[in-house]
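I'd like to walk you through one protein, starting with the whole chain and then stopping at a few spots. Please have a look at it first.

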Amino acid sequence: MTTNPTTQTEGFTLTTITGGTMYTNPAEQDPTIAATYHDGRWIPTGRNLTTREVAATQERLAKQVERINSRRALSDEAKRIAIAKAYREARDQIASARQAVLDHVTSERNRLSRKLFGYEGEADPSTILVRRDAADRAAKLDDPREAQRALDRAMAHGDMHLAQAIAGQAQAYMWTDVVSSYLAARPEAGEAARQLNELPDPNDAVWSIQHAITYSVVPPQELGGMSDYQVDALADTVLDGDAAA
């Protein structure tokens, strides 16, 4: 099998081979950017499974637990308390990172949605009334075919306030054909639409579960499957000098 020179595409290596094309991911061992080739493009998987921050925190926790267990001066109970404290710190740190990502995604989706389907900046009273009327009319649409016809009429009449309101309703109901029709008439919105489509939906149950799993820390085995409430109680335990020795 003859291999021709490799080229780079989307951050990955593409190697052309006689009789076909072989795709390799040079970073496949890095869990944060590993990817699989599917349907003509590389799809990142690692970013959905772990992050450097989570991996580093888990590694630090493991080293802390190892150091605690190596301290012969500590009683078994004192070791468990120290491990509980170390785990709680790591858990809370990652929980904070998890919320930060969620807040960022939500904020970006809202910003892009306003840009595509809402309104930015201030408006005079008459414009506000027009927008409110458009929103009320769009809210009554409950069928994608009806919404498409209403969108076509609004755009034909140059009523962009109503068109935008209908597109917003379609976006909320995930009527993708209607949304695509609206965006096709607004090529300047293409980049914002692309960014919105690439962002995960926090309301999606599968993504929410995956996100929670991604930003989680595995408890040390020394805690024996304790609940977070029990871990917190153990971490707050105060031992006297004799018990801790």
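Predicted model: local features only at pLDDT ≥ 70, side-chain atom pairs only at ≥ 80, totals over all residues.

**A walk through the model**

First, the overview. The protein has 245 residues, and 31% of them are buried. Its secondary structure consists of 11 helices and 5 strands. If you take the contacts between residues at least 6 apart in sequence, 60% of them join residues at least 24 apart. The accessible surface is about 15500 Å², and carbon and sulfur atoms account for 51% of that.

Now let's go inside. How many residues does the largest nonpolar core have? The count is 25, and the residues with the most contacts inside this core are Leu116, Phe117, Ile166, Tyr182 and Leu183. Two or more residues each come from helix 3, helix 4, helix 5, helix 6, helix 7 and helix 8. Helix 6 gives the largest share, 6 residues. Apart from this core lies another one, of 20 residues, which includes Leu74, Ala84, Ile94 and Val217.

Setting aside neighbours within four places in sequence, Leu183 is in contact with Leu116, Ala189 and Ala193.

Next, Gln148, which is in helix 5, residues 144-156. Not counting residues up to four places away in sequence, Gln148 touches Asp177, Val178 and Ser181. With Ser181 there is also a polar contact from side chain to side chain, at 3.2 Å.

Back to Tyr173, as promised. A search of the whole structure turns up 1 aromatic pair. The ring centres of Tyr173 and Trp175 are 5.0 Å apart and their planes are at 20 degrees, so this pair is stacked.

Met174 is not a glycine, yet it has a positive phi of about 60 degrees. With a relative accessibility of 65%, Met174 counts as exposed.

My last stop is helix 9, residues 205-214, where Trp207, His211 and Thr214 are buried. Looking down the axis of helix 9, you would find these buried residues within an arc of 65 degrees, so they line one face of the helix. Turned away from the buried side of helix 9 is a face with the exposed residues Ala205, Val206, Ile209 and Ile213.

And what sits at the start of helix 9? Asp204 belongs to the loop between helix 8 and helix 9, and it is partly exposed, at 35% relative accessible area. A side-chain oxygen of Asp204 comes within 3.3 Å of the backbone nitrogen of Val206. The backbone nitrogen of Trp207 is 2.8 Å from a polar atom of the Asp204 side chain.

Technical notes: Residues numbered from 1 in each chain as written. Heavy atoms only, no water. Buried < 20%, exposed > 50% of the residue type's maximum accessible area, 1.4 Å probe, protein only. Helix = DSSP H or I, 4+ residues; strand = E, 2+ residues; numbered from the N terminus. Arc of directions from axis to C-beta. Polar contact = N/O pair within 3.5 Å; in protein donor to acceptor, adjacent residues only side chain to side chain. Phe/Tyr/Trp six-rings, centres within 6.5 Å; stacked < 30°, edge-to-face > 60°. Contact = heavy atoms within 4.5 Å. Areas by Shrake-Rupley, 256 points an atom, 1.4 Å probe, with all protein chains shown as cover. Core = buried A, V, L, I, M, F, W, Y, C linked by side-chain atoms within 4.5 Å.
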